[in-house]
Amino acid sequence: MSRGIRAAIILLLILTVVLFVRLTSDDASQYLVFSTWGTATEVESFQRLIAHYNATRRPAHKVKLSHGEQNQYTERLLVQAAARSLPDVIHIDRKDLPLFVHRGLFKDLTPFMAQDTSFDLGAFLPELLPGCKVEGRFYGVPHNFSTFVLYYNKDHFDAERMSYPDSTWTWQTLLHAAQRLTKRDADGKIVRYGCLMNIILTTMIYQNGGRVLNEALDSCVIASPESEGAVRFAVDLSEKYRVTWSLLSQNLQWDDMFAGGRLSMIANGRWAAAWYMRSMPSGAVDVAPLPRGMLRRGASVNHMMSISAQSTKQDEAWDFLTFLVSEEGQRMVNAAGANMPAMRSVVTSDAFLKHHTTPTMNNRVFLEELPTSVTWPFDQGPFVTHYTLQSQLDLAMRRVLLGQATVMQSLKIMEANVNATIATQRHTAQPKPFVGSLLFFLSAGILAAGTLAAWTLHRRRSLDEH
Amino acid sequence: MKNATFRHALVGYAFLLPNFIGFLLFTIGPILFSFVISFFDWNLFSAPVFVDTANYQALFTSTSSRFGFLLGNSLFFLIVVPAQMAVALTVAYLLNENLRGSLLFKVIFFIPVVLSVIPIAIIWGYILDTENGLLNTLLMSFGVGKIAWLFDLTWIKTGISLMVVWQGSAFSAIIYYAALQGIPDQLYEVAALDGASRWKQFWSITMPLLTPTHFFLGITGVIGALQLFAPIYVMTHGTAGGAQNLIVEVYWKAYQEFQMGYASALSWILFLLIFILSAFYWKYLRRKVEYA
Amino acid sequence: MRRGPLTTAFFYAMLLAFSAWYVVPFVWALVTSVKHPGMVFDGRWLPYARSQAIMLEGKEVEMRIVEERGDALLMRISGTGELREIPRAEIEHISPNWKNYTEAWNIVPFGRYFLNSILVSMLMTLGQLITCSLGGYAFSRLQFPGRDAIFLLYLATLMIPGPVLTVPIYLLLREYRLLNTYQGVILPGLFSAYGTFLLRQFFQTIPRDLEDAARIDGAGRFGVYLRIILPLSGPALAALATFVFIGSWNDFFWPSIVLTDPDMLTLPVGLAHFNDIYLFEYGRLMAGSMITIAPAVAMYLLFQRFITRGVVMTGLKG
């Protein structure tokens, strides 16, 4: 028996080790937590920034990085918010900002800005400031952004003796160029696609005068003739003119095909620039402004730094935030090259214009796209998430491409679905009185009775077994 | 006598304790929590509001709940259960024959189990691609037209099912193989002496002796199929695109539309569904299980 | 069983057909993992690279691809802008891009993620072996009130859909300050109803006489557990260990929610974190995935025999 007890103690010790020995101490209250997404190089640059900050400013609470995967970034923040463990400083995209502000999760930064005399709002590109505001108050400070441009393969244009895309290009010019650039083999199969505009489908809706959500961002208005025109053009590119592949195909291949010379033009964001340069022969790729529709509209994503309303270290958070968005901080992160720095002095300097990852590219074009740009892909407002809108748009496009509905019918369905979701979000539940719910007590009663019955049955059966 | 029973009970509970505490804390606790929440309206950020059975009512009566559609999708995916069992059994039978090179085949057949979700999603995303995918290329070489596997509402569930069977059959094959290994050769030899053909041997010896395995794989398969989440979610980049089953809807309502109460109610209905089907399976098919 | 040559041939044919189905997607991934950027989706089964310059009329000329024309490529000479059609074989050659593997290893801190994954998986496996064997023994051999009812409760919980449980478990972890720790990842999965079920089935097949003999010799319940039950359960424990190890090795969703410190991520999460939706490097991602499956395959090969015996003895075969 004693051997048994000894063995039992050993076993329990092992179990205790497994269960309780902490390999890291995560006392979040010891740290100032900064949350961001990012590839390995981006994270590395943030880590260097944090190390520098911790070493030179010696804050009362050291800063610690919390990394979220891009696809789940918003969802994880929301779960953290529900558990009241939101990070203190949060890197956030404009498209998600209203969602968080509406739920009271972010701090109003306007008073901080007013009180901090060393903080200068004018140092940032003015076009980025409206995106940081919700209902006139600032909830974020611009940190970086990215615009969309038309990447094109110069060798293809040279071979066809065509002039390069420029700011005079319209949808028609684009179409004609794409038609000339598309090549087929002897069997009629396309071996080189002219263009790919699928990424900026929603921007094209704006370029034609339409909108996805209304100005107040509380209603879907996509079923308009303008939107229909834009969608029709995008669909025709693949179905009628056959210069691109259908939206029914995977989006995995875009970049690889462009780099491999099987696609001549692609509308994409700044983040693709470095990779295209690396993967293509030197000087083969350059950028041009997006072709205009009825209106000139660019596309941009706007990233900013916010402070959680749940944070207990708001002053320290503000101090770290100002370092992040300072010229020094922005230069450190800019080195990674994933996005463009929001500070005017940095982005208009050679630090960006002659960035080491895109030396031969006409980087100025990225800046020139900003003034006319709309949020990409959706300015989704506080009531719908990105995935809801994306899902509905995908389904709408599929209906059209599979011939199940006309463009307008399909957009009307999308509009109805999105508005239904918005309605559920705006609806505030009315509490019901606890007493007097017949169904509730009925179901509770059934559950209790069932458990009791099962228990008695098993008692009887186990007695029989014994 | 009572003393001994009491001591027995104490020992029993002591053994069970480590397991049970965790079970209580991490399984029962959250389950009870979600049951209670299903009677509230909770958007994760404000306080929950008691709404009685409004969630359940909305589920069954509201048109936007699409309950019939979701139920249909969930039940459709049940098709993977017989499919993967059939494939697994065939594969296991072939392996059991112990042809030369079996070890190599055993490694190959294990590959789907070893790959994690993301590479599988990328690989199958490419296979099922409309323009250049492997499957469509194969179909076109047979003269059949291209199918938009991941986008056409009529085919998306089939496309995802192919991927699920690919992975699920590999796992089940391991279990079938082990079971087949356990059947003594003498049984077959005796039958062969009696003149039974291979086919007959399979149906009169192998299949009956495999009934416990069929039973186990069937029930875990049904439970798993009704809870199919990751393949759908990852293959459609989180948009579900027409292949939503009940569990994807639970996730969607909880984390995309912030209706925790509704999602909890839906998940309890799903649980009831699983429970009923499993109970049915247990009660009626258990009798068919024979033990050697 | 005797087998005629025709049957053997038929069986081989079927084995090959099934192997193809299982292995073709994997081979595609393997080939992709050594492809060069820009050549990943060219639809071919071998990795090709293109030369930037070739020998033309005795001189080395730099040229760039403009168009693909079947067996030839239309190239544009860099200096003059002249267009020439050159046979494919002169420009393209088979060349695996091993840099995908070295880059994947360096850019993503694979070494650390490997260690993290091994740590988590081993702790999870060890923990489950202990708790599930204790629990399984209790359910199969010991008598206490409510035993069968509680066991059915365990079974029923296997049927609960997961997503809704994320928030309450997360809240719990936060209460106990277990977020961003390995315990936070391990604990919720540790008390597995599946594992308990499996081991209970197995323990029931161990003859009672052995136990009774030990009890008569004076061994207590725990002694019996330790010295009779556990040694005889080798195969079943190995089987459970393998399943748990591989399952936790590949687990993605829960660790990605709990772990936020980039140094603590496990392999699948780390792989996903450093390849986001604006991904371009499919070759590198595939290379990374190939690296991650190595331990799981190794584990399987090692324990393959045990799994077979273990499953046999759990009575799944009858």
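## Where chain C meets chain B

Two residue pairs are in polar contact between chain C and chain B, both at pLDDT 80 or more. A polar contact here is a pair of N or O atoms within 3.5 Å; within protein, one must be able to donate a hydrogen and the other to accept it, and residues adjacent in sequence count only if both atoms are side-chain atoms. Helix 1 (residues 5-32) of chain C supplies the largest share of the side that touches chain B, with 17 residues. Helices (H or I, at least four residues) and strands (E, at least two) are DSSP runs, numbered from the N terminus.

By class, this side of chain C has 66 nonpolar, 17 polar and four charged residues. For that tally, Ala, Val, Leu, Ile, Met, Phe, Trp, Tyr, Cys and Pro are nonpolar, Asp, Glu, Lys and Arg are charged, and the others, Gly among them, are polar. Contact (heavy atoms within 4.5 Å) joins 87 residues of chain C to 93 residues of chain B. The area buried between the two chains is about 8300 Å², and carbon and sulfur atoms give 81% of that area. Buried area is the accessible area (1.4 Å probe) that two parts lose on being put together, summed over both.

## Reading the model

This is a predicted model, in which local features need pLDDT of at least 70 and side-chain atom pairs count only at pLDDT 80 or more, while totals for chains, interfaces and linings use all residues. Residues are numbered from 1 along each chain as its sequence is written, chains are lettered from A and ligands numbered from 1 in the order in which they are written, and side-chain values use heavy atoms, with hydrogens and water left out.

## Salt bridges

In chain A, A:D88 pairs with A:K313, their closest N and O atoms being 4.0 Å apart. A:D88 sits in the loop between helix 3 (73-82) and strand 3 (89-93), and A:K313 in the loop between strand 11 and helix 12 (314-325), so the pair ties together parts that are 225 residues apart in sequence. A:D88 is buried at 5% relative accessible area, and A:K313 is buried at 9%; buried means under 20%, exposed over 50%, and partly exposed in between (1.4 Å probe, protein chains only).

Chain B has a salt bridge between B:E97 and B:R198, with closest N and O atoms 3.1 Å apart.

## Inside chain A

Chain A has 19 helices and 13 strands, and 60% of its 466 residues are buried. A:P291 belongs to the loop between strand 10 (285-288) and strand 11 (298-307), and this proline is buried at 2% relative accessibility. Its C-alpha atom is 5.9 Å from that of A:W171, although the two residues are 120 residues apart along the chain.

A:T385 is in the loop between strand 13 (373-375) and helix 17 (386-401), and this threonine is buried with a relative accessible area of 6%. The side chain of A:T385 makes a polar contact with the side chain of A:T388 (2.9 Å). Not counting residues up to four places away in sequence, A:T385 touches A:L99, A:Q380, B:Q256 and B:F258.

Conventions. Salt bridge = Lys/Arg side-chain N within 4 Å of Asp/Glu carboxyl O.
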